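Morning, everyone. Please bring up the model on your screens, and we will walk through the ligand site.

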Amino acid sequence: MTLFEKIIARQIPADIVYEDDQVLAFRDIKPQAPTHILIIPKRHVTRVNEAQSGDAALLGHLLLKAAEVARAAGLGETGYRLVINNGPDGGETVPHLHCHLLGGRPLCWPPG
Ligand code: 5GP
């Protein structure tokens with residue numbers, strides 16, 4: 001069971017900001033911006049590279065909910081960034097698909 005599956009199962013505490021039957025959103029333990037929230041699917045998908053066509057509705061729902069969480073956090077007008085790290089070079093450390101929502105300050109581009 002991955003760390004994020006343990007958070008879904010409430011075996012590890014998290015600061016949850018949104019939940020429905022398909023996704024969970026909670027604050028990152030090591031925030032990289034004033035707002036740093038992770039949005040994850042409740043059903044296990046390892047990473048976007050392993051996602052299947054059957055995951056399309058779930059991934060679409062996750063993206064729409066990420067935008068909803070961003071608006072609820074007051075970032076709708078100022079802007080924000082959604083990031084999905086994939087694999088070693090992508091900086092992925094937890095093998096359960098997650099979308100980072102970062103905002104509350106200007107974010108540089110390109111990332112380092
Ligand atoms: P990744 O590097 O895989 O894209 O992102 C994993 C994220 O999970 C990191 O930003 C890291 O700070 C966050 N994280 C790691 N352990 C925990 C934890 O126990 N609780 C929470 N809320 N976030 C965590």
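Start with His98. An N or O atom in its side chain is 2.8 Å from an oxygen atom of the ligand. That is a polar contact, a pair of N or O atoms within 3.5 Å; within protein, one must be able to donate a hydrogen and the other to accept it, and residues adjacent in sequence count only if both atoms are side-chain atoms. Asn85 also contributes: a polar side-chain atom there lies 2.8 Å from a ligand oxygen. Gly91 uses its backbone, with a polar atom 2.9 Å from an oxygen of the ligand.

How much of the ligand does the protein bury? Alone, the ligand exposes 520 Å², and the protein buries 83% of that. Those areas come from the Shrake-Rupley method with a 1.4 Å probe.

A word on the source. This is a predicted model: local features need pLDDT of at least 70, side-chain atom pairs count only at pLDDT 80 or more, and totals for chains, interfaces and linings use all residues. Residues are numbered from 1 along each chain as its sequence is written, and side-chain values use heavy atoms, with hydrogens and water left out.

Now the shell. 16 residues surround the ligand, each with a heavy atom within 4 Å of it. The closest are Asp28, Asn85, Thr93, His98 and His100. By class, seven are nonpolar, five polar and four charged. Here Ala, Val, Leu, Ile, Met, Phe, Trp, Tyr, Cys and Pro count as nonpolar, Asp, Glu, Lys and Arg as charged, and the others, Gly among them, as polar. Helix 1 gives the largest share of the shell, three residues. Helices (H or I, at least four residues) and strands (E, at least two) are DSSP runs, numbered from the N terminus.

Where does the ligand sit? It is in the largest pocket, meaning that more than half of its atoms lie within 2 Å of the pocket's grid points. A pocket, on a 1 Å grid over the protein atoms alone, is an open set with protein on both sides within 12 Å along at least five of seven lines; lining residues have an atom within 4 Å of a point. The volume is about 800 Å³, taken as the space filled by probe spheres set on the points, which are joined across faces, edges and corners. Of the 32 lining residues, the closest to the centre are Asp28, Gln32, His36, Asn85 and His100. Helix 1 again supplies the largest share, three residues.

Conventions:
On a 1 Å grid over the protein atoms alone, a cavity is a set of points where a 1.4 Å probe fits but cannot get out, and a pocket is an open set with protein on both sides within 12 Å along at least five of seven lines; lining residues have an atom within 4 Å of a point.
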